[in-house]
Amino acid sequence: MQPNRDTKTVSRWLVVGCDGMLGQDLVAALGESAGSDEVTAVDQDVLDIRDPDACTAAVDGHDLVVNVAAYTAVDEAESHESQAFSVNAVGAANLARACSAAGARMVQVSTDYVFAGDATSPYAEDAPLSPRSAYGRTKGAGEWAVQAYCPQSWIVRTAWLYGANGPNFVKTMARLAAERDTVSVVDDQFGQPTWTVDLAAAIVRLVEADAPFGTYHGTSAGQTTWFGFAQAIFAELGLDSGRVKPTTTDAFPLPAPRPAYSVLGHEAWRGAALDPLPSWRKSLTQAVPVVVPR
Ligand SMILES: NC(=O)c1ccc[n+]([C@@H]2O[C@H](COP(=O)([O-])OP(=O)(O)OC[C@H]3O[C@@H](n4cnc5c(N)ncnc54)[C@H](OP(=O)(O)O)[C@@H]3O)[C@@H](O)[C@H]2O)c1
């Protein structure tokens, strides 16, 4: 792949969805690395991405827009798909059209839920989309819209995110460890736990390297199950990982179907001569004191 030689260096960033779990770490990463770049950060109190005119006004004057705003309530989306669609698909489309009109480039953050989750080897970046949940359908539509309206864009799919600034599995395990003797966790869903700090740094690297436009998988290296992840969290907290007991997805029925296999491949990073994200297990050691400070 060739770099985007005809594009200009980013100096004016717009981060949309800055108060979310990833958004906060992205703004922090930009503060550390963007040097003299200007960073504007907004969330829906300032910019509701469902409003196309507001998107046009907000994007004006920026070179690069990172959309980390989303309707992320996966189970609620099953019964509120039109609301999820209005943010994840129409909102992404509004931003993409505004970027195209302003000559800005765009990063759209997406999800492993765009895949069926029934593979047996890592999903390639160009694997066909086949979402099984309402959330996945709306995020898949968002990817399509961004690519259609703003070809100068990067789609960054992530999964199993955790960080200091939002509810997530690491915090839940730390809380349950304090409340219960044992914790049952599903051992039949595979994925890649990903620290928001690692993903934020990777997004900044991607843009600053002027990587080829296209789709990238922003998940950690390696793989595990939720059970394996929970055991590792207990170990990092200095607790007996034997207190984590394996169970199956069937024992925890939820409105939205969960992908059994959400392992994503990382070839596009190598194709762009960039390092993929680090190993999930190494990052967890660094992340736990930050995510659940004691
Ligand atoms: N968390 C994960 O495990 C995971 C996995 C795969 C992919 N992703 C993707 O990663 C990205 C970041 O996820 P996250 O976990 O950081 O999400 P998050 O914590 O839920 O943050 C999303 C942000 O978007 C804002 N937002 C919602 N509707 C909006 C609208 N209409 N206009 C403007 N802003 C709006 C939310 O504001 P309110 O709080 O006021 O609603 C919130 O601040 C999303 O694209 C998500 O789909 C996340």
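Visitor: Is Phe229 buried or exposed?

Guide: Phe229 is buried in this predicted model. Its relative accessible area is 1%.

Visitor: Which ring does Phe229 pair with?

Guide: Phe229 forms an aromatic pair with Phe169, and the pair is stacked. The centres are 5.1 Å apart, with 25 degrees between the planes.

Visitor: Where in the chain do those two sit?

Guide: Phe169 belongs to helix H6, residues 169–179, and Phe229 to helix H8, residues 226–236. They are 60 residues apart, and the pair links distant parts of the chain.

Visitor: And Phe169, buried or exposed?

Guide: Phe169 counts as buried, at 18% relative accessibility. The cut-off for buried is under 20%.

Visitor: What cluster do Phe169 and Phe229 belong to?

Guide: They are part of one aromatic cluster, which also includes Trp160, Tyr162, Trp226 and Trp280.

Visitor: How many aromatic pairs does the structure hold?

Guide: Eleven aromatic pairs. One of them joins Trp154 and Phe213; that pair is tilted, 4.9 Å centre to centre and with 55 degrees between the planes.

Visitor: Which parts does the pair of Trp154 and Phe213 tie together?

Guide: Trp154 is in strand E5, while Phe213 is in the loop between helix H7 (196–208) and E10. The two parts are 59 residues apart in sequence, so the pair ties them together across that separation. Trp154 counts as buried, with a relative accessibility of 0%.

Visitor: What about the rest of E5, buried or exposed?

Guide: Strand E5 covers residues 153–158, and six of the six are buried, so the strand is largely enclosed by the rest of the structure.

Visitor: Which way do the E5 side chains point?

Guide: Ser153, Ile155 and Arg157 point one way, and Trp154, Val156 and Thr158 point the other way. In a regular strand, side chains alternate between the two faces of the sheet.

Visitor: Which strands pair with E5?

Guide: E4, residues 105–111, is joined to E5 by six bridges, and the two run parallel. E10, residues 214–217, is joined to E5 by four bridges, also parallel.

Visitor: What unit do E4, H5 and E5 make?

Guide: A right-handed β-α-β unit, with helix H5 spanning residues 134–149.

Visitor: Is E4 buried or exposed?

Guide: Seven of the seven residues of E4 are buried, so E4 is largely enclosed by the rest of the structure. Both of its faces are covered: Arg105, Val107, Val109 and Thr111 lie on one side, and Met106, Gln108 and Ser110 on the other.

Visitor: Which strand do the bridges from E3 reach?

Guide: Strand E3, residues 64–67, is joined to E4 by four bridges, and they run parallel. Val66 stands opposite Val107 there.

Visitor: Change of topic. Where is His266?

Guide: His266 is in the loop between strand E12 (244–247) and helix H9 (267–271). At 9% relative accessibility, it counts as buried.

Visitor: What is His266 in contact with?

Guide: Leaving aside neighbours within four places in sequence, the contacts of His266 include Glu125, Gln192, His217 and Pro276. A polar atom of the His266 side chain also lies 3.4 Å from the backbone oxygen of Leu264.

Visitor: And Pro278, where is that?

Guide: Pro278 lies in the loop between H9 and helix H10 (280–291). Pro278 is partly exposed, with a relative accessible area of 38%. Beyond its neighbours within four places in sequence, Pro278 is in contact with Asp198, Ser220, Ala221 and Ser283.

Visitor: One more. Which ring does the charged end of Arg97 sit over?

Guide: The ring of Tyr149, with the charged end 4.8 Å from the ring centre.

Visitor: And what happens at the start of helix H2?

Guide: A side-chain oxygen of Asp51 reaches to within 3.0 Å of the backbone nitrogen of Asp53. Just after H2, Gly61 takes a positive phi of about 90 degrees.

How values were computed: Residues numbered from 1 in each chain as written. Predicted model: local features only at pLDDT ≥ 70, side-chain atom pairs only at ≥ 80, totals over all residues. Heavy atoms only, no water. Buried < 20%, exposed > 50% of the residue type's maximum accessible area, 1.4 Å probe, protein only. Pairing = 2+ DSSP bridges. Right-handed = clockwise from strand over helix to strand, strands pointing away. Polar contact = N/O pair within 3.5 Å; in protein donor to acceptor, adjacent residues only side chain to side chain. Contact = heavy atoms within 4.5 Å. Phe/Tyr/Trp six-rings, centres within 6.5 Å; stacked < 30°, edge-to-face > 60°. Lys NZ or Arg CZ within 6 Å of the ring centre and 35° of its normal.
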